[in-house]
Amino acid sequence: MAEIRDIKYVAREFSDYRQELIEFAKNYFPDAYNDFSPTSPGMMFIEMAAYVGDILSFYQDTQLQETFLQYAKEPGNLYTMAYMMGYKPKVTNVAEVELQVSQNIGADPTTNKPNWDQALVVSENAVVTANSSGRTNFFIENKIDFSFSSSYDPTDIVISEIQGGVPSQFTLTKKAKALSGTVKTLTQTFTTAEKFNTITIEEPNIIGILEITDNSSGKNKTWYEVPFLGQDTIFVEQTNYGADADKVPNSIQLQKVPKRFVTRFNSQGHLQIQFGAGTAGTADTVFTPDPTNVGMGTDQGITTIDKAYDPSNYLYTQTYGLAPANTTLTIQYLVGGGVEANVPANTLTGFSATVTAKVDNTFENTLAFNNNQPATGGKDGDTVEEIRQNSLRSFAEQKRTITLQDYTVRALSLNPKFGTVAKVFVTQDELNSTKSTTDSIIDSNPLALSMYVLAYNNEKKLVTATSTLKNNLRTYMSYYMPLTDALNIKDAFVVNIGVNFDILVRPNYNSRDVLLACNNALQDHFNISKWNINQPINISTIYSLLDQVTGVQTVSKVEIINKQGGNYSQYAYDIKGATRNNIVYPSYDTMIFELKYPNQDIKGRTTSL
């Protein structure tokens, strides 16, 4: 019977292996070998075995370490785990800059007001070039329409020329966000369909895909990028022709896209594009599971009734999108970024874009671009540690709408071209009416959340959201909500207020200057951008704010009054009845306080002892 050996598993390094092998030989082979001097042949074999064990231990530890995001060091493994966590690493970081775009426009001879028929429209994907060394290109994704103005996209109007005492020309100015990048084009021909076909663009500093189109004869030539191939719908915009088009230029819709692809970067910084597994000719809207193929079991009689099905894998359709076949794809992508893209101010003046006018293009040659501030944000791609930390953050976020804060942030992130959501307040209503007429995803559900929203008008004053804006928000939120959640979208109330105050001015200070400083401090305090729905007014804070103004000796009175009717909100509010311990509380009905006209709704006086 073989002797049972006492083997220890604590050795991890060369010296440990060497010592354990020596002890093993002394214990179990004392008569066969006892020369353990450094130059003996036996020690050569022992040390060679220890060397092999040390190498194997190293690779074992390394491979285990590389499976954990917190400890992985190999870029290839980090990139793979980053995509698994939902984070897309960056191989370059673009520079951003705010451009000032201007044009001249003539005056309407009958009204002496701007002739909007001469307003220009700069198409999407305009390229602006810096006149500094390197001639870095910047890219403007959205179109610039001088005839459209909103609180988030205002058109400033200044009289630039006067003839005969009346305006003859105006200067229109808009601001546009530009990103550093150069548009490049690549064509790729596909013959037979191949499942999950992947191509690689081997070029450094790729920002991302701009557009992919094919040469098919049908209407739908565009291929759409999605986060993962199992996602078959995307958001698309359509021009809003309704009565609120001046406030909400586009409506948002969910569109099913069989032609889709995903992108990912590898550790060399090259961009990989992967397409789907479907083939052309099969309808992508047919859902095939039915009682004949769900839960019917197998030939061996094993039931599948309680099996967990994955719908994206089980549907016998083009769930993962089409695979391109017998076509040529034209791929437009952006390249740029880096530190060199941080160009100085007043250098982005050259441009290349398609420019049209509503009716009259007389002033097309007056179009001008400039950056008053330098471009910032350009740097190299993510480091190993940045990929690690961003991946952990992305996994925690997951674009979920679970908490009330998730709903608020998601609603505020609606793109302004689909309407401006200015204020959001989400709560679970205790009372729900079965006769509710509010715009909602699922209304009159006692378990639903209620989202109260307000919008801005062109003067950045609070107004109720239009029906198009709420429809856009409803479509947008439904995409991120769990299936079991319900959301009612409602209008919040606006209560307009005014502020009256009395102060005592210190000796040797000009009363007018002190009052002006107090007014400026209150205007900043009541700036509507800083106020939320259901936020109370702390009068003690106003006392403290005015006390800190230079020249104020004593604040003798602060009074909050209600402004109602006319140009103000139609809703009256009992300010005195809602005040407790110097705090003006909001009503039970969801509302917000707004100082609508700061220049006239703040009234201060100087008093004496």
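At what angle do the axes of α3 and α5 cross, and within what distance do they come? The tour of this predicted model begins with that pair and then moves to other parts of the chain.

**Stop 1: the whole chain**

The protein has 609 residues, of which 39% are buried. Its secondary structure comprises 10 helices and 32 strands. Of the contacts between residues at least 6 apart in sequence, 73% join residues at least 24 apart.

**Stop 2: helices α3 and α5**

Select residues 75-84 for helix α3 and residues 384-397 for helix α5. To answer the opening question, the two axes come within 9 Å and cross at roughly 20°. Angles under 35 degrees count as roughly parallel, and α3 and α5 are therefore roughly parallel to each other. Their crossing is left-handed.

Next, show the side chains at the contact. On α3 these are L78, Y79 and A82, and on α5 they are V384, I387, R388 and S391. By class, the contact of α3 with α5 holds 5 nonpolar residues, 1 polar and 1 charged.

Keep α3 in view and colour L78, Y79, M81 and A82, which are buried. The buried residues of α3 pack against α5 and also against β15, residues 260-265. Then step just past the end of α3 to G86, where phi is positive at about 95°.

**Stop 3**

Remain on α5 and select E385 and R388. Their side chains form a salt bridge, with N to O at 3.1 Å. Both residues belong to helix α5 and stand 3 residues apart, about one turn of the helix. An α-helix has 3.6 residues a turn, so residues three or four places apart point the same way. The two partners may be compared by accessibility: E385 is partly exposed, with a relative accessible area of 41%, whereas R388 is buried at 8%. R388 is also one of the α5 residues in the contact with α3.

**Stop 3: salt bridges between separate segments**

Begin with E203 and K184, whose side chains meet in a salt bridge of 2.6 Å, N to O. E203 sits in the loop between β10 (198-201) and β11 (206-214), and K184 in strand β9 (residues 182-190), so this pair ties together parts that are 19 residues apart in sequence. E203 counts as buried at 15% relative accessibility, while K184 is partly exposed at 33%.

Then select K557 and D502, whose closest N and O atoms lie 3.8 Å apart in a salt bridge. K557 belongs to strand β28 (residues 552-563) and D502 to strand β26 (residues 493-505), so the pair connects parts that are 55 residues apart in sequence. D502 is buried, with a relative accessible area of 7%, and K557 is partly exposed at 31%.

**Stop 4: helices α6 and α7**

Are the axes of α6 and α7 parallel or oblique to each other? Select residues 404-412 for α6 and residues 467-480 for α7; the axes come within 10 Å and cross at roughly 130°. The helices α6 and α7 are therefore oblique to each other. The crossing of α6 and α7 is right-handed.

For the side chains at this contact, show Y407, R410 and A411 on α6, and L473, Y476, M477 and Y480 on α7. The residues of this contact divide into 6 nonpolar, no polar and 1 charged.

**Stop 6**

Two loop residues complete the tour. Select F196, which has a positive phi of about 50° although it is not a glycine. F196 is placed in the loop between β9 and β10, and with a relative accessible area of 35% it is partly exposed.

Finally, select N326, another non-glycine residue with a positive phi, here about 55°. N326 is found in the loop between α4 (311-314) and β17 (327-335). With 68% relative accessibility, N326 counts as exposed.

Terms used
Residues are numbered from 1 along each chain as its sequence is written. This is a predicted model: local features need pLDDT of at least 70, side-chain atom pairs count only at pLDDT 80 or more; totals for chains, interfaces and linings use all residues. Side-chain values use heavy atoms; hydrogens and water are left out. Axes are lines fitted to C-alpha atoms, for helices over the stretch in contact, and angles run from 0 to 180 degrees between N-to-C directions. Helices (H or I, at least four residues) and strands (E, at least two) are DSSP runs, numbered from the N terminus. Angles under 35 degrees count as roughly parallel, over 145 as roughly antiparallel, 65 to 115 as roughly perpendicular and the rest as oblique. A crossing is left-handed if the near helix is turned anticlockwise from the far one by less than a right angle, and right-handed if clockwise. Contact means heavy atoms within 4.5 Å. Ala, Val, Leu, Ile, Met, Phe, Trp, Tyr, Cys and Pro count as nonpolar, Asp, Glu, Lys and Arg as charged, and the others, Gly among them, as polar. A salt bridge is a side-chain nitrogen of Lys or Arg within 4 Å of a carboxyl oxygen of Asp or Glu. Buried means under 20% relative accessible area, exposed over 50%, partly exposed in between (1.4 Å probe, protein chains only).
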